[in-house]
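Colleague: I am new to this structure and would like to learn how to read its features. Could you take me through them step by step?

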Amino acid sequence: MKAGADLRGEVLLTLTRLRLATPRQLKALLLPHQQDTDHVRRALRNLLAESPALVGRTHRAQQSYWYCTPAGLTEAAASGELASPVGRTTGKRIAASKTGLREHGLALVDTVIAFHQAEVADHADWRVEVAHPTPAGNLVPDGVVLLANGSSAFVEIDRTMSYAGLLAKLERYDAYRNAPASGRGNAARPPRNHWQETYAGPSLERTFPLLLFVFTPAKRRAAPETREAAFHDRARPNWQITVATTTLHQLTHDGADRPVWRIVGRGEDRRVLAAAPKPR
């Protein structure tokens, strides 16, 4: 069992990284063997009782949604435990949203939990809504994750986006992959694209990150399985980018390490993520 101070710190860092979470989600990530959420709730209450409060919460339908306050973000950044403090924002707007932003954010956290429980990626190795430059403006993935095998993946959560919007997002990733080099290079090293500087490793041994779409339920929308199938019918294969899809139910029910991933342009068979083809 983690000491109270340790759990308090981990709760704060997790909310900073993921923007918002419920006590149940925090328990799944930080105290998976506990039967109840009592310890997590105690840590949240302690953070709330600080002056100024380090976390905030909203209530809706007998559920509480927790997020960091500006003071919490400052304390988390001072810990030195965050990969990058740039662009950190509180989850207050998302937690209070009535437009589906909260459900979108919670679905991302459920995805993080599925990856963490399957040991595909640690929950601390996720970054949310990090801007990536393209000639047409910034690309902002829902999440970027460092996988256990050392490669990275972009993760998009789809609840309500139109098919045209999804295909446009694919084009943005293609634009990011082909974005001009961000450095001038030198005689010993030619200039590299932003993605190469960020994700390819020092000797460019890694390929462009996987692009993962997770289809989740939403009111007045077709079932996730139906939207996933329609997406595959419309998406053109791009052999420079590997695109894999699944549904949140499959991901959480079967596991992120199981054959739940369907590859665009590779038929209807599902495979494990490790068996996804490498981009050319």
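Colleague: Where is Glu228 found?

Modeller: Helices are DSSP runs of H or I with at least four residues, numbered from the N terminus, and Glu228 belongs to helix 9, residues 224-234. This is a predicted model, in which local features need pLDDT of at least 70 and side-chain atom pairs pLDDT 80 or more, while totals for chains, interfaces and linings use all residues. Residues are numbered from 1 along each chain as its sequence is written, and side-chain values use heavy atoms, leaving out hydrogens and water.

Colleague: Does Glu228 count as buried or exposed?

Modeller: Buried means under 20% relative accessible area, exposed over 50% and partly exposed in between, with a 1.4 Å probe and protein chains only; Glu228 is buried because its relative accessibility is 2%.

Colleague: Which side chain does a polar contact join to that of Glu228?

Modeller: A polar contact is a pair of N or O atoms within 3.5 Å; within protein, one must be able to donate a hydrogen and the other to accept it, and residues adjacent in sequence count only if both atoms are side-chain atoms. The side chain of Glu228 makes such a contact, of 2.6 Å, with that of Thr245, and a polar atom of the Glu228 side chain also lies 3.4 Å from the backbone nitrogen of Thr246.

Colleague: What else is Glu228 in contact with, beyond its neighbours within four places in sequence?

Modeller: Contact means heavy atoms within 4.5 Å, and the residues that Glu228 touches include Phe215, Arg262 and Arg270.

Note on methods
Helix = DSSP H or I, 4+ residues; strand = E, 2+ residues; numbered from the N terminus.
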